[in-house]
Amino acid sequence: MASQLGIDEQEFEHALTSLSTPMLNDVESKIFTWTRETVHFETGDIQRRIRSLSTQVDDLILLEAIGVSALANTIVRLAVLLE
Amino acid sequence: MIIMNLGFVLTIVILTVIFLFALLMQQKKIRLLENLHDHAKNKLENLQVNFGHFVPQEVVEQLTDAEGHYKPIMRNVTVLFADLKGFTQMCDQLNPSEVVEILNGYFRIMSKAISENHGRVTELTGDGILALFGALGNNPWHIQDAVNGALAMRSALERYNIELREKSLPELYFGIGIIIFSILLIPPGISLLFFWQGRYNVPIVCSDFSRSFLCPYIPFKAV
């Protein structure tokens, strides 16, 4: 999927390791960093960060980010169960 | 015939009484076991709550779930050490209650900045803070978290200094050291009970390291 978007493997790995990449703009970078909070599924942390993010990111973009991260987390967790 | 019937009824009555007695005894035993179970459960809960005052909740959960065979883990972690500059000299000019007030406020805001960035304060040594990132669970971003934590600490100290100025109290300056270590985590500790692969004591290394830098800089070193 990343390669279809024109991101090579090395760049992808670097982005995952450092949680930053020059390919993203400022708003995207903030959302990307926030998604890391959702990995451990700690409600308090997610809510605290999303409150902070909501002051910097447009509501519609934020809503889309929440939806996508929720879907991604669900899929990954289901995939882990299947393994 | 009547005597036989009476004997039969009597036997049935006696057997019923014995059965009821056994049932009552059994129920009493069950109630006793339930009480013992509740008592043990309450004791365990109290122990968990009180133990949670000394070590992070994750450690308590790991230990209680480990069924007595919790093993030491070797893990790459990022160690952050912050040390106040000139605090000992400052203490000479202040009364003890002011020192306690300043230090309590300082530790409170620093702990918040560290925990918000997924770090754990493991030790407070005088005016020094030792925190670990990535020690309690698998955290591939422990280095970024430590750097973000240090930046958050720096911002928090700037805000705290404004507060201190308003109260006519002296401002604080600190140095922060960040080092990546491979350490052996030993329960129940995390605090102090860890060893670097080398021969040095981590807090001493960190303290010396952070003292050699001034506040705005965050020295970074991989070991």
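**Helix α2 of chain A and its surroundings**

In this predicted model, the buried residues of helix α2 of chain A pack against α1 (9-18), α3 (43-54) and α4 (59-82) of chain A, together with α5 (142-166) of chain B. Helix α2 covers residues 26-39 of chain A, and its buried residues are A:Ile31, A:Phe32, A:Trp34, A:Arg36, A:Glu37 and A:Thr38. Both ends of this helix are worth a look. At its start, a side-chain oxygen of A:Asn25 comes within 3.1 Å of the backbone nitrogen of A:Val27. After the helix comes A:Phe41, and the phi of A:Phe41 is positive, near 55°.

Chain A contains 4 helices and 0 strands, and its pattern along the sequence reads α-α-α-α. Chain A has 83 residues, of which 24% count as buried. When contacts in chain A between residues at least 6 apart in sequence are considered, 40% of them link residues at least 24 apart.

Chain B has both kinds of element, with 6 helices and 6 strands. Along the sequence of chain B they follow the pattern α-α-β-α-α-β-β-α-β-β-α-β. Of its 223 residues, 35% count as buried. Among the contacts in chain B with a separation of 6 or more, 70% come from residues 24 or more positions apart.

Strand β2 (residues 119-125) and strand β3 (residues 128-133) of chain B run antiparallel and are joined by 6 bridges. Within this pairing, B:Arg120 of chain B stands opposite B:Leu132 in β3. The hairpin has 2 residues between the strands, and B:Gly126 takes a positive phi near 65° there.

Helix α5 of chain B, one of the partners of the buried residues of α2 in chain A, also holds B:His142. Is B:His142 buried or exposed? B:His142 counts as buried because its relative accessible area is 10%, which is under the 20% cut-off. Apart from neighbours within four places in sequence, B:His142 is in contact with B:Asn76, B:Val77, B:Thr78, B:Phe133, B:Gly134 and B:Ile180. One of these, B:Phe133, belongs to the residue range of strand β3 of chain B.

The last part of the picture is the place where the two chains meet. The contact involves 11 residues from chain A and 9 residues from chain B. About 820 Å² of area is buried between the chains, and carbon and sulfur atoms give 41% of that area. On the side of chain B, the residues that lose the most area to chain A are B:Glu116, B:His118 and B:Trp141, which together make up 66% of what that side buries.

Which residue forms a salt bridge with B:Asp145? The partner is A:Arg36, with the closest N and O atoms 2.3 Å apart. A:Arg36 is also listed among the buried residues of helix α2 of chain A. Between the two chains there are 2 salt bridges, and 7 residue pairs are in polar contact. Sorted by class, the side of chain B that touches chain A has 2 nonpolar, 5 polar and 2 charged residues.

Conventions
Residues numbered from 1 in each chain as written. Chains lettered and ligands numbered in written order. Predicted model: local features only at pLDDT ≥ 70, side-chain atom pairs only at ≥ 80, totals over all residues. Heavy atoms only, no water. Buried < 20%, exposed > 50% of the residue type's maximum accessible area, 1.4 Å probe, protein only. Contact = heavy atoms within 4.5 Å. Polar contact = N/O pair within 3.5 Å; in protein donor to acceptor, adjacent residues only side chain to side chain. Pairing = 2+ DSSP bridges. Buried area = accessible area lost by both parts, 1.4 Å probe. Salt bridge = Lys/Arg side-chain N within 4 Å of Asp/Glu carboxyl O. Nonpolar A, V, L, I, M, F, W, Y, C, P; charged D, E, K, R; others polar.
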